Amino acid sequence: FLLMMLVPMQAAAFSDLSENDNYYFELTYLQDEGVLNGYDDGSMKPGNSINRAELVKILVEGVKNAKPDSSKYRNCFNDVGTEWFAPYVCYAAEQGWVEGYSDGSFGPGKTVNKAESMKIVLEAFDVKIPSSSSGEWYQPYVDAAGLKNVLENKNLNPEKLQTRGEVG
């Protein structure tokens, strides 16, 4: 989904991935680049859901190669203070990739669905989003993704929750 180039892998893969797994090369590349750390036990758990904070971290480090300063990037939403994810979320908000909810929250622990992840990814890659006056809020992003040929298929299934493997 992040359009990563496949390059020779140098680091050991996650303990729960084999070269036959669907997302092996993408996830191992992101591990080699220091974007994904996995869990303390050495696993990646590619089938687990991914939350908004995790997605934003991957994009900030993977797309922009940025390591936001935690003394500058914090307290940008009422539920984002100084936690590990705060610099990434606040950086992404400053870049215009993400917005909060009407109550002033970001929902960092909320599992991200396909429509949300597509929006955030396209914004991170600075894809021009066509204006649209009809359809769901995500329709302009679907149109842009279609123009860039990055949709897996024509059935978006916007509410489908994303996994760690799918996003990698």
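A: About 190 Å³ of space lies in the second largest pocket. This is a predicted model: local features need pLDDT of at least 70, side-chain atom pairs count only at pLDDT 80 or more, and totals for chains, interfaces and linings use all residues. Residues are numbered from 1 along each chain as its sequence is written, and side-chain values use heavy atoms, with hydrogens and water left out.

A pocket is an open set of points on a 1 Å grid over the protein atoms alone, where a 1.4 Å probe fits, with protein on both sides within 12 Å along at least five of seven lines. Its volume is the space filled by probe spheres set on the points, which are joined across faces, edges and corners.

Now the lining, meaning residues with an atom within 4 Å of a point. Arg52, Trp97, Val98, Glu99, Gly100, Tyr101, Glu116, Lys119, Ile120 and Trp137 make it up. Five are nonpolar, one is polar and four are charged. Here Ala, Val, Leu, Ile, Met, Phe, Trp, Tyr, Cys and Pro count as nonpolar, Asp, Glu, Lys and Arg as charged, and the others, Gly among them, as polar.

Helix H4 gives the most to this lining, three residues. Helices are DSSP runs (H or I, at least four residues), numbered from the N terminus. H4 spans 114-124.

Two lining residues lead elsewhere. Trp97 is among the residues that touch the most other members of the largest nonpolar core, which has 35 residues. Such a core is a set of buried (under 20% relative accessible area, 1.4 Å probe, protein chains only) Ala, Val, Leu, Ile, Met, Phe, Trp, Tyr and Cys residues joined through side-chain atoms within 4.5 Å. Ile120 touches Leu55, with contact meaning heavy atoms within 4.5 Å.

How values were computed
Buried < 20%, exposed > 50% of the residue type's maximum accessible area, 1.4 Å probe, protein only. Helix = DSSP H or I, 4+ residues; strand = E, 2+ residues; numbered from the N terminus. Lists of a residue's contacts leave out its neighbours within four places in sequence.
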